[in-house]
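Q: I would like to learn how to read the features of a model such as this one. Please take me through them in turn.

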Amino acid sequence: MRRSFVIFAAIVAAGCTHRDKKAGTDADAGTDAASVELDAGLVQDAALEAEAAAPKPARSLKGKKVLHAGDSMVGGTFGLTRALEKKLTPEGAKLVRRTTVSESLNSFDRGATLRDALRDEKPDIVIITLGANDVLSPHPEGYGGSVERIVKRIGDRECWWIGPPRIKTSVTTPSGKTSDILLSEVIKGHAGTCHFVDSTTLKIERASDGVHPSNVGGETWLDAWWPDFVSLPEKEKDAN
């Protein structure tokens, strides 16, 4: 009788242990599932927070015509123009360009390139890339009048002036500043309602000629001011 009791107790204990193990396994599985669900929830929350925090464009470029005009730094199917078109097209904007090799501030001021482009294209936005052929002048302060007249011709359109990048052969002016730095300061000081982009601090990859931006350099150049361009507040846009 005692032997039977011992066997019965062993069977009961084994059954309890099996149930305890099964219960523990089920509990662990439930905990793991809850952890996975919690982790997924945290990832989703983080993604929603990041999306909410990301800057939203303040205006739409859809249907806008953008005129990019100036010297050869504007580029053709390479460099800055190429990078700009890649950004504008998905936004629904159209890019037109007017570029003249060796164009200077004075020749652009006196010439008909800008006047004709404004008349023919009727752009909503004007981007000027000009000044690279004047960076070696020992007296950049003399270009202020040309800058002002160019900006005046653009009128009340939204305007951006992309200053020239630095060059290795710049000269020191009587003021003690290098000619490329001083020229950018002069353009900025006379750009009026145009939004000026200082390019002198950028490291831009150049094409094989060592002067014009490569395609990579054009993207670097554009990326430096594109966030400001697409997020321009409406009140600033209307003020131009």
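This is a predicted model: local features need pLDDT of at least 70, side-chain atom pairs count only at pLDDT 80 or more; totals for chains, interfaces and linings use all residues.

A: Residues are numbered from 1 along each chain as its sequence is written, and side-chain values use heavy atoms, with hydrogens and water left out.

Q: How many helices and strands does the chain have?

A: Helices (H or I, at least four residues) and strands (E, at least two) are DSSP runs, numbered from the N terminus. Here there are nine helices and five strands. Their order from the N terminus is α-β-α-β-α-α-β-α-β-α-β-α-α-α.

Q: What share of the chain counts as buried, and what share of its contacts joins residues at least 24 apart?

A: Buried means under 20% relative accessible area, exposed over 50%, and partly exposed in between (1.4 Å probe, protein chains only). Of the 240 residues, 37% count as buried. A contact is a pair with heavy atoms within 4.5 Å. Among contacts between residues at least 6 apart in sequence, 77% join residues at least 24 apart.

Q: How do helix 2 and helix 7 pack?

A: Two packed helices are described by the angle between their axes and the distance between the axes. Axes are lines fitted to C-alpha atoms, for helices over the stretch in contact, and angles run from 0 to 180 degrees between N-to-C directions. Helix 2 (residues 79–88) meets helix 7 (residues 215–223) at about 60 degrees, with the axes 7 Å apart. That makes helix 2 oblique to helix 7; under 35 degrees counts as roughly parallel, over 145 as roughly antiparallel, 65 to 115 as roughly perpendicular, and the rest as oblique.

Q: Which residues make that contact?

A: Helix 2 contributes Gly79, Leu80, Arg82, Ala83, Leu84, Lys86 and Lys87, and helix 7 contributes Asn215, Gly218, Glu219, Trp221, Leu222 and Asp223. By class, the contact of helix 2 with helix 7 has five nonpolar, three polar and five charged residues. Here Ala, Val, Leu, Ile, Met, Phe, Trp, Tyr, Cys and Pro count as nonpolar, Asp, Glu, Lys and Arg as charged, and the others, Gly among them, as polar.

Q: How many aromatic pairs are there?

A: Rings of Phe, Tyr and Trp (its six-membered ring) pair if their centres lie within 6.5 Å; planes under 30 degrees apart count as stacked, over 60 as edge-to-face and the rest as tilted. The whole structure has four aromatic pairs. One of them is Trp225 with Phe229, edge-to-face because the planes are at 85 degrees, with centres 5.7 Å apart. Trp225 is buried at 2% relative accessibility, and Phe229 is buried at 0%.

Q: Where is Asp180, and what does Asp180 touch beyond its sequence neighbours?

A: Asp180 sits in helix 6 (residues 179–190) and is buried, with a relative accessible area of 0%. Leaving aside neighbours within four places in sequence, Asp180 contacts Val135, Arg166, Ile167, Ser170 and Thr200.

Q: What is phi in Ser102 and in Lys122?

A: Most residues other than glycine have a negative phi. Ser102 has a positive phi, near 65 degrees, and Lys122 has a positive phi near 50 degrees. Ser102 lies in the loop between strand 2 (94–99) and helix 3 (105–110) and is exposed at 53%. Lys122 lies in the loop between helix 4 (113–121) and strand 3 (125–129) and is exposed at 60%.
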